[in-house]
Amino acid sequence: MKDRQDFPDVRTLLAVVLAITSLAIAINDSRWLLLLLAITLACLLAAGVSLKLLLRRLRRYRWLFFIIALAQSLTNGSGRALLAWRGYVLLSSGGLLGAAAALLRIAIILAAVGLLSLKDYQQMVVGLTQMGVPYEFAFMVLLAVRFIPVLMEEFRDSLAAIELRGVDLKAIPLKDKLRVYSYLLMPTTAGALIRSRRIAVAMEARAFRAYPRRTWLEWPRLIPWDWLIIVLALGGTAGVLYLKIRGVIA
Amino acid sequence: MTYIQLEQVSFSWPRGEQVLKDINLAIEKHDTVALMGPNGSGKTTLGKLIIGLLAPSAGRVLLWGEDAAKYSLAARGRRIGYVFQNPERQFFASTVSEEIGFALKLRGMSPEEAEKRVGEMLGLFELEAYADTFPFNLSQGEKQRLALAAVFALNPEFIILDEPFSGLDWLRKQHLLAMLARVGETGVGYLLISHDEEMCARLCSRVLHLEGGELR
Ligand SMILES: Nc1ncnc2c1ncn2[C@@H]1O[C@H](COP(=O)(O)OP(=O)(O)O)[C@@H](O)[C@H]1O
Ligand SMILES: [Mg+2]
């Protein structure tokens with residue numbers, strides 16, 4: 001077991017992500033959200049996360065952004081009406097501000113989660129274990145999260161493969177359609193089962209759970225900077241939340 | 001009318017790497033064409049562009065003399081068979097016979113007719129012993145044969161095969177070679193994607209080389 005200092009620690013990053021996301025959810029005022037976004041980006045830069053990569057990831061969620069902004073501006077009719085049709089307010093100043101706040105909020109959360117990209121999967125498992133999460137549980141959760149996109153891609157491939165056999169999914173009766181979807185579950189499930197069997201074999205080959213206690217190659221320790229950041233992040237968040245409850249900020 | 005035609009086709013992944021540059025290609029219905037090239041040269045990509053699993057970034061794919069963009073995957077699949085590089089990708093059913101037969105039934109063939117066709121395919125591709133086996137439990141060679149049988153059962157006019165010889169030992173390769181030769185004799189053309197020089201030379205009348213995104 002090697003004692004290694006690896007600043008910032010996983011626990012520090014998790015504390016910062018927790019602080020930023022709870023602030024992003026709690027705050028409604030666009031100006032404060034803007035400030036929070038600036039702080040988040042500063043954290044990312046300071047930690048050395050590539051903003052280019054982050055932007056690329058945000059781009060993947062552009063439809064989500066668009067739909068949320070649209071829903072916000074259509075449903076929130078407060079403030080001055082900017083666009084109306086037959087007496088319905090389609091776009092209002094309140095709606096526009098609401099949409100801006102919603103967009104800022106998602107951008108902040110996605111950017112904050114980007115901080116975790118600094119750590120690999122193994123480091124995350126160790127970090128969670130150090131926080132008292134049972135090891136097997138931490139391992140399984142991270143494994144599952146990592147495989148969701150793979151499963152979705154397999155499902156899409158299978159759908160295409162069925163159509164390539166000349167089956168027009170739009171044209172067949174409902175009864176057959178249900179049968180096709182039950183067919184589609186087969187390769188996806190079988191793929192998942194085969195993959196998990198492979199992983200289980202690989203883990204056992206590496207003596208996973210062969211002994212009641214695990215020995216870690218690296219067991220990172222918190223350095224004073226970690227403690228400082230954790231205290232600042234959690235303390236700052238508590239302070240802002242207090243101000244919000246007292247009604248000082250919106 | 002050219003059966004498959006590519007006009008100035010280019011393809012790049014969304015992140016920007018260009019895989020294919022200005023490809024021009026014409027394939028006739030009865031052609032037996034080999035597509036060779038190093039790993040990652042874009043062979044699979046070219047096959048997927050033809051069958052419609054990917055769309056060109058520039059240029060056009062024409063099928064049967066018309067812009068292929070107007071055909072659905074199902075419409076293309078009714079005339080052109082496509083065998084995936086990883087055959088598991090195309091298995092759905094819980095038994096080998098069902099795997100061969102289900103698309104026939106979904107396409108309106110009567111159960112008796114479908115059963116007869118399944119029987120023929122099991123014989124042609126030497127899978128009788130595995131009629132009730134779960135496809136995922138077959139060996140690599142058997143999986144390749146099943147993938148081919150399932151596609152061939154649909155009576156395609158043309159077949160695209162993506163690396164059907166990979167992972168097969170010499171004997172299994174010879175078997176598959178014999179089966180593909182039989183397919184060719186029935187007048188069905190194919191595009192064979194493979195690294196295997198010997199197989200390409202024996203099975204195909206025309207060999208294409210893909211390198212650096214261009215055809216030679
Ligand atoms: N889904 C994908 N996203 C991005 N790049 C890909 C994807 N699939 C393949 N590639 C890349 O495209 C190139 C061509 O791949 P491919 O057509 O599979 O090559 P081949 O079949 O000749 O081995 C490779 O560099 C490969 O890394
Ligand atoms: Mg390939």
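Predicted model: local features only at pLDDT ≥ 70, side-chain atom pairs only at ≥ 80, totals over all residues.
**Figure 1. Strand E7 of chain B is covered on both faces.** On one side lie B:Phe158, B:Ile160 and B:Asp162, on the other B:Ile159 and B:Leu161, and all of these residues are buried. Within chain B, confidence is highest in strand E7 (residues 158-162), at a mean pLDDT of 93.

**Figure 2. Strand E7 of chain B pairs in the parallel sense with E6(B) and with strand E8 of chain B.** Four bridges join E6(B) to E7(B). One of the residue pairs here is B:Gly81 with its bridge partner B:Ile159 in E7(B). The pairing of E7(B) with strand E8 (residues 189-193) of chain B runs over five bridges. In E8(B), B:Tyr190 stands opposite B:Ile159. Strands of a sheet pair through backbone hydrogen bonds.

**Figure 3. An open sheet of four strands in chain B has antiparallel pairing.** The strand order is E2-E1-E4-E5. Strand E2 (18-27) and strand E5 (66-67) of chain B stand at the edges; each has a single partner strand, so one side of each is left without a neighbour in the sheet. Strand E4 (residues 58-63) of chain B pairs with E5(B) over two bridges, in the antiparallel sense. B:Leu63 has B:Glu66 in E5(B) as its bridge partner.

**Figure 4. Aromatic residues of chain B form a cluster.** Ring pairs link B:Tyr3, B:Trp64, B:Tyr71 and B:Phe158. Over all chains, the structure holds nine aromatic pairs. One of them joins B:Trp64 and B:Tyr71 edge-to-face, at 4.9 Å centre to centre and with 70 degrees between the planes. Both B:Trp64 and B:Tyr71 are buried. Another aromatic pair, also edge-to-face, is formed by B:Tyr82 and B:Phe84, with 4.9 Å between the centres and 85 degrees between the planes. B:Tyr82 and B:Phe84 are both buried. The charged end of B:Arg79 sits over the ring of B:Trp64, at 4.0 Å from the ring centre.

**Figure 5. Two residues of chain B coordinate the magnesium ion (ligand 2).** The donor atoms are OG1 of B:Thr44 and OE1 of B:Gln85, at 2.0 to 2.4 Å. The pair links distant parts of the chain, 41 residues apart. B:Thr44 lies in helix H1 (residues 43-51) of chain B, whereas B:Gln85 lies in the loop between strand E6 (80-83) and helix H3 (96-106) of chain B. At 21% relative accessibility, B:Thr44 counts as partly exposed. B:Gln85 counts as partly exposed too, at 37%.

**Figure 6. Chain B contains seven helices and 10 strands.** Of the 216 residues in chain B, 53% are buried. Among contacts in chain B between residues at least 6 apart in sequence, 69% join residues at least 24 apart. The average pLDDT of chain B is 87, and 100% of the residues score at least 70. Confidence in the chain is lowest in helix H6 (residues 170-185), at a mean of 82. For the complex, the predictor gives an ipTM of 0.81 and a pTM of 0.62.

Methods: Residues numbered from 1 in each chain as written. Chains lettered and ligands numbered in written order. Heavy atoms only, no water. pLDDT = per-residue confidence, 0-100. Phe/Tyr/Trp six-rings, centres within 6.5 Å; stacked < 30°, edge-to-face > 60°. Buried < 20%, exposed > 50% of the residue type's maximum accessible area, 1.4 Å probe, protein only. Lys NZ or Arg CZ within 6 Å of the ring centre and 35° of its normal. Donors = N, O, S within 2.8 Å, 3.2 Å for Na, K, Ca; no water. Pairing = 2+ DSSP bridges. Contact = heavy atoms within 4.5 Å.
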